[in-house]
Amino acid sequence: MLLEFAANSYYLINDMQNASYSFFRTLRPEDYIAVVTYDLRTHILTDFTNNKDLIAQALQSLTIPGFSDTDMFDALYETLDRLSRVEGRKYVILIGSGRDTFSKLTLDKILAKVKATPNVTIFTIGTGALLNELRGGRGGMGGGMSDLNYLQAQNQMKTFAAMTGGLSFSPIFQGELPDIFSQINNSIRNQYVLTYRPTNTKNDGSYRKIQVLLVDNEGHPLRMQDEKGKSLKYSIITRDGYKAKLPVE
């Protein structure tokens with residue numbers, strides 16, 4: 001699991017420290033976590049470890065970045081590249097406004113990297129609205145971001161999560177953060193791994209879209225009810241596809 005932070009508010013840093021501190025305290029001995037911040041480049045505060053004291057020190061060392069600019073695409077690409085060499089299920093909790101200023105990579109290239117990286121689920125916490133609230137609504141969203149830029153940044157964060165079967169959050173109030181980390185923890189602990197044999201057996205490296213549905217014994221959409229017979233709403237959160245292997249793989 002990897003936490004990536006980019007925040008430029010003293011109060012937001014403190015809130016993220018407190019919420020993430022409570023989150024990592026629930027980790028199991030077999031869970032490893034790394035803490036990375038980013039502005040114009042990435043900064044590894046602690047590499048993968050299950051030592052909770054080291055993780056706590058890393059979170060306590062969070063400071064306001066020296067630059068207001070953030071190379072989010074480059075930071076996420078670097079993170080996914082590192083995770084591709086790690087076995088097992090992997091999770092990224094990406095925290096930031098979603099704004100990218102000077103990355104060498106384009107949005108298309110980082111989306112292609114997300115698609116090509118297997119066994120990674122990305123959870124995103126967009127801080128644009130929260131930063132605006134902390135500033136009393138002054139100066140646009142997220143430290144001078146226009147409404148249009150803010151919406152674009154928010155949609156990018158949502159896309160990273162949706163493509164990988166993760167969740168995306170855009171809190172407005174500081175008090176939402178503990179519940180958000182709790183939802184992320186519950187999602188990680190309650191995932192199912194489904195496998196299937198595709199009808200397209202070509203090893204051509206193409207991206208294959210998938211859709212998961214819940215159906216009853218007759219193939220109709222599954223209806224879920226509580227003990228009183230009242231219909232329950234549910235949502236299915238999955239990766240939107242996978243990249244087929246190449247012949248040399």
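This briefing describes the nonpolar cores, a central strand pairing, the salt bridges and a surface patch of one predicted model. Because the model is predicted, local features need pLDDT of at least 70 and side-chain atom pairs count only at pLDDT 80 or more, whereas totals for chains, interfaces and linings use all residues. Residues are numbered from 1 along each chain as its sequence is written, and side-chain values use heavy atoms, with hydrogens and water left out.

**Nonpolar cores**

- The largest nonpolar core has 17 residues, of which Met72, Leu76, Leu94, Val114, Ile122 and Phe160 touch the most other members; such a core is a set of buried Ala, Val, Leu, Ile, Met, Phe, Trp, Tyr and Cys residues joined through side-chain atoms within 4.5 Å.
- At least two residues of this core come from each of α3 (72–83), β4 (90–96), α4 (107–116), β5 (120–126) and α6 (147–163), where helices (H or I, at least four residues) and strands (E, at least two) are DSSP runs numbered from the N terminus.
- The element that gives the most to this core is α3, with six residues.
- Val114, leaving aside its neighbours within four places in sequence, is in contact with Leu76, Leu80, Ile122, Phe160, Met163, Thr164 and Arg239, contact meaning heavy atoms within 4.5 Å.
- Another core, of 16 residues, lies apart from the largest one and has Ile125, Leu130, Phe169 and Phe181 among its members.
- In soluble globular proteins, nonpolar side chains tend to be buried together.

**Strand β5 and its pairing**

- Seven of the seven residues of β5 are buried, so this strand is largely enclosed by the rest of the structure; buried means under 20% relative accessible area, exposed over 50%, and partly exposed in between (1.4 Å probe, protein chains only).
- Val120, Ile122, Thr124 and Gly126 point one way from β5, while Thr121, Phe123 and Ile125 point the other way, and all are buried.
- β4 and β5 run parallel and are joined by seven bridges, two strands being counted as paired if DSSP finds at least two bridges between them.
- Within this pairing, Ile93 has Phe123 of β5 as its bridge partner.

**Salt bridges**

- A search of the whole structure finds six salt bridges, each being a side-chain nitrogen of Lys or Arg within 4 Å of a carboxyl oxygen of Asp or Glu.
- In one of them, Asp47 is joined to Arg82, with the closest N and O atoms 2.5 Å apart; Asp47 lies in strand β3 (residues 42–49) and Arg82 in helix α3, so the pair ties together parts that are 35 residues apart in sequence.
- Asp47 is partly exposed at 41% relative accessibility, whereas Arg82 is buried at 19%.
- Asp81 forms a salt bridge with Lys113, the closest N and O atoms being 3.4 Å apart, and this pair links distant parts of the chain, with Asp81 in helix α3 and Lys113 in helix α4, 32 residues apart.
- Asp81 also meets Arg85 in a salt bridge (3.5 Å, N to O), and shared partners join Asp81, Arg85 and Lys113 into one network.

**Surface patch**

- Leu214, Leu222, Met224, Leu232, Tyr234 and Ile236 make a nonpolar surface patch of about 450 Å²; patches are made of residues with over 30% relative accessible area and no salt bridge, like charges being joined within 9 Å and nonpolar side chains (Val, Leu, Ile, Met, Phe, Trp, Tyr) within 5 Å.
- Met224 is placed in strand β8 (residues 224–225) and is partly exposed, with a relative accessible area of 35%.

Methods:
Areas by Shrake-Rupley, 256 points an atom, 1.4 Å probe, with all protein chains shown as cover.
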